[in-house]
Amino acid sequence: MADINDSVAVEAKKTAKRDALIEIEKKWQKDWKEDHMFEMDMPEDTSVAPEDLHKVYPKWMGTFPYPYMNGTLHLGHAFSMSKIEFATGWERLQGKNALFPFGFHVTGMPIKAAADKIARELEMFGPNFELPSKKDEEEEDAAALSESVSGLTVGGDNFRAKKTKMTAKFGNTKYQFEIMQSQGISNEDIAKFADAEHWLEYYPPIAMDDLDAMGCKIDWRRAFLTTDYNPYYDSFARWQFERLHEMGKIKFGKRYTIWSPKDGQPCMDHDRQVGEGVNPQEYTGIKLEVREWSEAAQQVISAIPELAGKRVFLVAATLRPETMYGQTNCFVGVSLEYGFFAGASADEVYVVSERSARNMAFQDLSPADGKVEQLGSIDGKQLVGTRVSAPLSCYTNGVFVLPMDNVLATKGTGVVTSVPSDSPDDYAALRDLKKKPEYYGIRPEWVADYEPVSVLSTPTYGDMTAPALCEKLKINSQKDRKQLEDAKEIAYKEGFYNGIMTVGDFIGQPVAEVKTLVRDQLIATGQGFAYAEPDKLVTSRSGD
C-alpha cells in the first residue's frame, strides 16, 4: 500500500508545474471571457474626424482558413493556428484593434458522404452497430475454403482463396460508426449523424471550446458557418458571384470535370476517396461505321429489333487523331462485353463498353443528358470479322474488327483503332495475327492485304516508327508488355515533337501543329466527336 501511495506522490510531483500552469491559464482565460477582451468594435469617438479615425485607432485583422467540420480539430490545425494567434497578440501589443474572426467550413461532400455512410451502416447493422461475430466470419471462411477445394483441378493450379461474404460485400475499410466510436460518441448519438445538419451542430462547439482552451484571441461574435445553413454568409457568397458575373469575369457553361452522378455535382479532390489529382483526359471518338457484320454478330443483330434502320458505329477513343490516315483495322477484347447504345442523333447507335457509354451520357452524346439507353449487348468475340469504315484511312473499302489480347474495359471505349505504322502495340498485334490467323480464330484474308501505311516521318525512325522500334527493342509479340510500354512512350514523344506529316491534307506540316487540325476536321465532318474520361480510377466519398 505504501508503495502505491509513494508512486502516486511521485506522479503528482512530476506534473505539479504543468498543473499549476494550466490553473493559471484557466484563471486568465475566464477573466478574458468575462471582460469580452477579444471583442473588437468600431471606435465611436466623435472628436476624431472620420478620415483620421484609423490613424488614431489603428486596426488589424487576421483569420484562419476555415477548418472542415467533419470531426474535431487536430494537431495540424493547432500548428497552423499558432501563427495567426501569435500575430494577433503581437498586433495588440502594438496598440492596434486586432480582430481575429473565425469561420467553420461545412461546404462540399465530405459531411454529406459521412452522413450517408452512417445511414447505410444503420440499415446494415442496426442501431447498436453490431458487426457479425468473429466466429461467424471464421465459419464463412471455412465454408468458402471447402467450396474452393472441392473445385480444384488436378495439380491445384486454379485454386484461389475466396473472400468472406463480409469482405466481398463491404471491403476491408473501417466503418464510419467505428471512427465515431473511437471519439467516445455513444451509439445512440452516432445515429443522429445520419442527418448531415447534426454534424454542423455537434462539432463547431467542440472546436470553439478547444480554441478557447488554447487561449486564442478570437471574437466569437463573428463566428459563422458556410453554406446556406447560414443565410448571411450564403448571401455574401452569392453577392460575390453576382458581381463577378456582372463584370464579365465568370460565365455559366460546360467544361470537362470529374462528375458524380450519385451526388449530382463535380467530384473535386476533397470529395474523393480514391483518385486525388486525377483529371479528365480528352480523346477523339472515331466513328467506325459498320458496313458488314460478321456471321456471329449478324445473329445477335437480328434478335434486336431496335437496331433496324439504324446506323451502327464502333467508337474508338484515340489520343492521336492525326494518325487516322494509317488505320488498317480496329481491335476489340474477345472476353469483353459491349453494348449497343443510342447516340445523340436518333438514327445512330454506338458499340462501346457500358462504362464509356455512362461517361458519354453526360457529354451530350446520348438521347437525354445523364441517361444511358442500351438497346442490346454483344460479346467482343462475336464482333470479330465485322467490316467497318475507317475515317481518313487509305483502305476505303473498309477494315476488319480483329481480336487483341490487351484491350481494357476500364480505359477508353473498349474499341481500339489500329495504326501499325506508328503504334508498337498495334504493329505487334497485327504481326501476330498475320503469323497465326488460325490460332487467333480469324480468316487470313482479314489481315493478308492490310499493311502499315506511312503517316508521319521522324529523323530517328523514318516513315515506319513502330516497326523500327519493335526491331530495335527485340519485340517478338504483343505479349512483350514491358518492351511495348517503352516503345509506346518513345514513339509518341518522337512523333509529336519531331514528326512531319507524310499524308493527308496537312502533308509536310509538324505533327504538333496538325493534331488539333485533324481532330477539328473529323468532328466537323461528323466522323468523330470530342470525348473525355478520368485518366485513372476516381471514387467519391459517397462510393460512386
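Let me begin with a cysteine: Cys 216 counts as buried, because its relative accessibility is 4%, and buried here means under 20%. Please keep in mind throughout that this is a predicted model. Cys 470 is buried as well, with a relative accessible area of 1%, and Cys 470 is in no disulfide, since the nearest cysteine sulfur, that of Cys 394, is 19 Å away, whereas a disulfide needs two cysteine sulfur atoms within 2.5 Å. The structure as a whole holds zero disulfides.

Now to helix 12, residues 295-302, where the buried residues are Ala 297, Val 300 and Ile 301. These cover an arc of only 100° around the axis, and so they lie on the same side of helix 12. On the other side of helix 12, we find Glu 295, Gln 299 and Ser 302 exposed. The cover over the buried residues of helix 12 includes strand 11, strand 13 and helix 14.

The largest pocket holds about 1,400 Å³ of space, and of the 38 residues that line it, Thr 257, Ile 258, Trp 259, Ser 260 and Phe 362 are the closest to its centre. That lining has 17 nonpolar, nine polar and twelve charged residues.

The second largest pocket has a volume of about 790 Å³, and of its 28 lining residues the closest to its centre are Ala 317, Lys 411, Val 416, Lys 488 and Tyr 492. Helix 17 gives the most to this lining, with four residues, and the lining of the second largest pocket divides into eleven nonpolar, nine polar and eight charged residues.

Key
Residues numbered from 1 in each chain as written. Predicted model: local features only at pLDDT ≥ 70, side-chain atom pairs only at ≥ 80, totals over all residues. Heavy atoms only, no water. Buried < 20%, exposed > 50% of the residue type's maximum accessible area, 1.4 Å probe, protein only. Helix = DSSP H or I, 4+ residues; strand = E, 2+ residues; numbered from the N terminus. Arc of directions from axis to C-beta. Contact = heavy atoms within 4.5 Å. 1 Å grid on protein atoms, 1.4 Å probe; cavity = no way out; pocket = protein on both sides within 12 Å on 5 of 7 lines; lining within 4 Å. Points joined across faces, edges and corners; volume = space filled by probe spheres on them. Nonpolar A, V, L, I, M, F, W, Y, C, P; charged D, E, K, R; others polar.
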